[in-house]
Amino acid sequence: MTDVLTLENLTAGYGRAVVLQKVSFNLEQGKALALLGRNGVGKTTTLNSIVGLTRYHSGRVMLNGQDISRLSPERRVEAGVGWVPQERGIFRSLTVEENITASARPGRWTLEAVYDLFPRLRERRQNFGNQLSGGEQQMLSIGRALALNPKILLLDEPTEGLAPIIVEELLASIRRIVREEGMAAIIVEQHAQQILAITDSAVILDRGAVAFCGESAALSADKATLGRFLGIGGEE
Ligand SMILES: Nc1ncnc2c1ncn2[C@@H]1O[C@H](COP(=O)(O)OP(=O)(O)OP(=O)(O)O)[C@@H](O)[C@H]1O
Ligand SMILES: [Mg+2]
């Protein structure tokens, strides 16, 4: 089976600064991967590298078997990379509905399908981006990326800074996207145990290099590795 995404020995960074050191991992069609690690280890830089916002020193990134390493960010989005940035990146002066439809492409994720996933967005359809709560902004950011009907969805800390009840709601929606809809996804998340429960595989980064790559279920039970690289104990 062709991988939807493959990173091969990717060494990349910003300008002359190298952040990622020979990062390799792959993702099969319909699978979800948790990308974990402490602050500043290179999680966002990994997603930025898939989107095309970093400088590659060596290695390459393949999407559905095609080398996309030399494509511009715009061409990568066209090729099927759906990106939900850490800062959310919605259009504040457009309505919810305009945000979703502005870059939409035909496919499973129609406007109605996005509204079915996030009923709050349907209620707020005429509100402007800057009139939304943090949780609603995050839902909109995910909905906008889905409406592009991408081959892979990249989520960078979708629950960051949100109230616990909203975190639960978003994680349930993400579970539905990856488990029921089979959307291939890479999810950066601080709630390690909760995201391991809804992903197939996991990668832990440590100082820009892959420290762990394996099954989410195995990592979930591996208290020593979780403790060493994520600083979480066995309390969860
Ligand atoms: N635009 C940039 N230019 C130069 N260096 C950067 C840039 N963005 C990030 N870095 C550096 O790259 C390293 C990795 O940062 P990155 O944002 O990828 O980490 P992260 O794992 O996403 O952290 P966090 O959990 O805090 O979001 C850090 O040392 C950071 O200072
Ligand atoms: Mg980050």
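Where is the place of Glu157? Glu157 sits in the loop between E7 and H7, helices (H or I, at least four residues) and strands (E, at least two) being DSSP runs numbered from the N terminus. The model described here is predicted, so that local features need pLDDT of at least 70 and side-chain atom pairs count only at pLDDT 80 or more, whereas totals for chains, interfaces and linings use all residues. Residues are numbered from 1 along each chain as its sequence is written, chains are lettered from A and ligands numbered from 1 in the order in which they are written, and side-chain values use heavy atoms, with hydrogens and water left out.

**Backbone in the loops**

Glu157 has a positive phi of about 50° although it is not a glycine, and with a relative accessible area of 7% it is buried; buried means under 20% relative accessible area, exposed over 50% and partly exposed in between, for a 1.4 Å probe and protein chains only. Asn149, likewise not a glycine, has a positive phi of about 45°; Asn149 is found in the loop between H6 and strand E7 (152–156), and its 18% relative accessibility makes it count as buried. As background, most residues other than glycine have a negative phi. A positive phi, near 100°, also belongs to Gly52, the residue that follows H1.

H1 is mostly covered, with 8 of its 9 residues buried; among them are Lys43, Thr45, Thr46 and Leu47. Thr44, by contrast, counts as partly exposed at 27% relative accessibility. The magnesium ion (ligand 2) is coordinated by Thr44 through OG1 and by Gln86 through OE1, at 2.0 to 2.5 Å. Because Thr44 lies in helix H1 (residues 43–51) and Gln86 in the loop between strand E6 (81–84) and helix H3 (96–102), the pair ties together parts that are 42 residues apart in sequence. Donors here are N, O and S atoms within 2.8 Å of the metal (3.2 Å for Na, K and Ca), and sites may look incomplete because water is not among the atoms. Gln86 counts as partly exposed, at 26% relative accessibility.

**Nonpolar cores**

A nonpolar core is a set of buried Ala, Val, Leu, Ile, Met, Phe, Trp, Tyr and Cys residues joined through side-chain atoms within 4.5 Å. The largest such core has 45 residues, and those with the most contacts inside it are Leu36, Leu121, Leu146 and Leu153. Helix H7 (residues 164–180) gives the most to this core, contributing 7 residues. A second, separate core of 29 residues includes Leu20, Val23, Ala79 and Val203.

Contact means heavy atoms within 4.5 Å. With neighbours within four places in sequence left aside, the partners of Leu36 include Lys43, Glu189, Val203, Ile204 and Leu230.

Val96 lies in helix H3 and is buried, with a relative accessible area of 0%. Beyond its neighbours within four places in sequence, Val96 is in contact with Tyr115, Leu121, Arg124, Arg125, Asn127, Leu132 and Leu140. Ala197, in the loop between helix H8 (192–196) and strand E9 (201–206), is partly exposed, with a relative accessible area of 48%; leaving aside neighbours within four places in sequence, its contacts are with Arg175 and Arg179.

The table sets out separations between C-alpha atoms for three pairs of residues.

| Pair | Separation in sequence | C-alpha to C-alpha distance |
|---|---|---|
| Val96 and Leu20 | 76 residues | 35 Å |
| Ala197 and Ser216 | 19 residues | 7.2 Å |
| Ile204 and Gly214 | 10 residues | 9.2 Å |

**The largest pocket**

About 270 Å³ of space lies in the largest pocket. On a 1 Å grid over the protein atoms alone, a pocket is an open set of points with protein on both sides within 12 Å along at least five of seven lines, where a 1.4 Å probe fits, and lining residues have an atom within 4 Å of a point. Grid points are joined across faces, edges and corners, and a volume is the space filled by probe spheres set on the points. Of the 17 lining residues, the closest to the centre are Val77, Trp83, Pro85, Arg144 and Leu148. Helix H2 (73–79), E6 and helix H6 (134–147) each supply at least two residues of this lining. The lining divides into 11 nonpolar, 4 polar and 2 charged residues, where Ala, Val, Leu, Ile, Met, Phe, Trp, Tyr, Cys and Pro count as nonpolar, Asp, Glu, Lys and Arg as charged, and the others, Gly among them, as polar.
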